[in-house]
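Hi everyone, thanks for coming. Let's look at today's structure together, and please follow along on the screen.

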Amino acid sequence: MNKTLMTVAILGILIGGLASAAVAQTAEKPADHAAPTAADTVQSAGKGLGIFGVCLGAGVAIIGGGIGIGRVGGQCVEGIARQPEAAGAMFAPMIITAGMIEGGMLFALVICILGMLRL
């Protein structure tokens, strides 16, 4: 399941990056209110794909981080339930691991938000 989440996250980021590159390369919309051209259609489709990719990447990052923190916490509680005397030795590494997972998740979210601002 972890490989699937990683694959979806990478695809989301790639779709967002490619779509934002397509938007950047298309011609700007004319100032007058002329009929939409093919370039306008490509630009709006590219922007829509970029927004979709950014949202997909952010969602997958949050879901993956939540699953990771849930697994770390659950395994720690299970270990403490089996050996209550080892609770002190398990608690600090669990908090450090959960913090590292959350840091990675927040970094991915910031990257997705910056991608959205670029569109």
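I'll go through a helix, the cysteines and a salt bridge.

A word on the source: this is a predicted model, where local features need pLDDT of at least 70, side-chain atom pairs count only at pLDDT 80 or more, and totals for chains, interfaces and linings use all residues. Residues are numbered from 1 along each chain as its sequence is written, and side-chain values use heavy atoms, with hydrogens and water left out.

Let's start with helix H3, residues 87–118. Helices here are DSSP runs of H or I with at least four residues, numbered from the N terminus. H3 has 32 residues and reaches 46 Å from first C-alpha to last, close to the 46 Å expected at 1.5 Å a residue; that expected span is 1.5 Å times one less than the number of residues. Met94, Ala98, Met105 and Cys112 are buried in H3 (buried is under 20% relative accessible area, exposed over 50%, partly exposed in between, with a 1.4 Å probe and protein chains only).

Cys55 is partly exposed, at 45%, while Cys112 is buried, at 7%.

Finally, the whole structure has one salt bridge, meaning a side-chain nitrogen of Lys or Arg within 4 Å of a carboxyl oxygen of Asp or Glu. Glu78 pairs with Arg82, their closest N and O atoms 3.0 Å apart. They sit four residues apart in helix H2 (residues 38–82), so about one helical turn separates them. Glu78 is partly exposed, at 37%, and Arg82 is exposed, at 66%.

How values were computed:
Helices (H or I, at least four residues) and strands (E, at least two) are DSSP runs, numbered from the N terminus.
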